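Here is a friendly briefing for a student meeting this protein for the first time. Please keep the sequence and the 3D view open while you read.

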Amino acid sequence: MSVRELVVLGTASQVPTRHRNHNGYLLRWDGEGILFDPGEGTQRQMLRAGAAAHDLNRICVTHFHGDHSLGLAGVIQRINLDRVPHQVTAHYPRSGQRFFDRLRYATAYRETVALTEAPVDRDGTLAVTAAYTLEARGLSHPVESYGYRLVEPDGRRMLPERLAAHGIAGPDIGRLQRAGVLGGVTLDDVSEVRRGQRFAFVMDTRLCDGVHALAEGCDLLVIESTFLDEDVELAVEYGHLTAGQAARAARDAGVRHLVLTHFSQRYPDPAEFERQARAAGFEGELTVAYDLLRVPVPKRR
């Protein structure tokens, strides 16, 4: 059975707390696993969440600040220690190649896995598979940063009443799906487009075109909200979002489920992030993330 869920490994921003590890997010998408922004401690958080190196197919780093990338060294070495048998691809800003190299070879170990490096230097498509297209968009932060978006191809939803009206049943349904036409009946006659699911990951950034492009029409949006609205000047200065800004972007983009994360240690009450997001007008499903939380991708419309 296919599983589509987000496993939250860490939700702190620059400084971890007693209850929040540095960043780390594992997206399970059917048979693949995509690890986003592995901060310090990610390997241990994976263990606590029941995730293994064998679960990883891609690693996506938004930028090379430590809370988003210091865990790379341990994760990459664990991939090699466990001799992961399939290809693992790493995406990260090309301008940070020197940081990636240092983290990949931070200490001595035996390389047993051919990790594929696929750095990002522009907006566009990074990979196309049967299950999804992976895209990147530039963000606005003091260092080069990219957000990531995963889009499932559109499919078809068969309509039983129309199939029955045309007398199509049993194996003939499969034949029609494969051929596109059967006895003068086309797929359009008995089905409708089933919109593919969309997921986006938006970390450290001010409001910018990239935020809106990544969020557009998402079923599940994971987005930073480092600051509360009263500290919006700090957010702009340091290249971050407030809870209200993140929620308004999600509202305007038609996001179904919004996950707020990457919280500054200055705020003792996580519930205030939800209150401000609701005050900003977001009416969809809303989660204020905490470590080791599992968030299912919403069911198709």
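The buried residues of helix 4 are covered by parts that include helix 2 (66-69), helix 3 (72-81), strand 5 (89-91) and strand 6 (116-117). This is a predicted model, in which local features need pLDDT of at least 70 and side-chain atom pairs count only at pLDDT 80 or more, while totals for chains, interfaces and linings use all residues. Residues are numbered from 1 along each chain as its sequence is written, and side-chain values use heavy atoms, with hydrogens and water left out. Helices (H or I, at least four residues) and strands (E, at least two) are DSSP runs, numbered from the N terminus.

**Helix 4 and its buried side**

- Helix 4 spans residues 97-104, and Phe 100, Leu 103 and Arg 104 are buried there (buried means under 20% relative accessible area, exposed over 50%, partly exposed in between, with a 1.4 Å probe and protein chains only).

**How helix 3 meets helix 4**

- Helix 3 and helix 4 pack at an angle of about 55°, and their axes are 8 Å apart (axes are lines fitted to C-alpha atoms, for helices over the stretch in contact, and angles run from 0 to 180 degrees between N-to-C directions).
- The two helices are therefore oblique to each other (angles under 35 degrees count as roughly parallel, over 145 as roughly antiparallel, 65 to 115 as roughly perpendicular and the rest as oblique).
- Leu 72, Ala 73 and Ile 76 of helix 3 make the contact with Phe 100, Leu 103 and Arg 104 of helix 4 (contact means heavy atoms within 4.5 Å).

**Salt bridges**

- How many salt bridges does the structure hold? There are 20 (a salt bridge is a side-chain nitrogen of Lys or Arg within 4 Å of a carboxyl oxygen of Asp or Glu).
- Asp 121 forms a salt bridge with Arg 94, with the closest N and O atoms 3.0 Å apart. Asp 121 is in the loop between strand 6 and strand 7 (124-128) and Arg 94 in the loop between strand 5 and helix 4, so the pair ties together parts that are 27 residues apart in sequence.
- Asp 172 and Arg 175 meet in a salt bridge of 2.6 Å, N to O. They are three residues apart in helix 6 (residues 171-179), which means about one helical turn separates them.
- Asp 219 pairs with Arg 256 in a salt bridge, the closest N and O atoms being 2.7 Å apart. Asp 219 lies in the loop between helix 8 (209-215) and strand 15 (220-224), and Arg 256 in the loop between helix 10 (243-253) and strand 16 (257-261), so parts 37 residues apart in sequence are tied together.
- Asp 219 is buried, with a relative accessible area of 2%, whereas Arg 256 is partly exposed at 22%.

**Two residues with positive phi**

- Most residues other than glycine have a negative phi.
- Asp 30 has a positive phi, near 55°, and sits in the loop between strand 2 (24-29) and strand 3 (32-36).
- Leu 292 has a positive phi, near 70°, and sits in the loop between strand 17 (285-288) and strand 18 (294-296).
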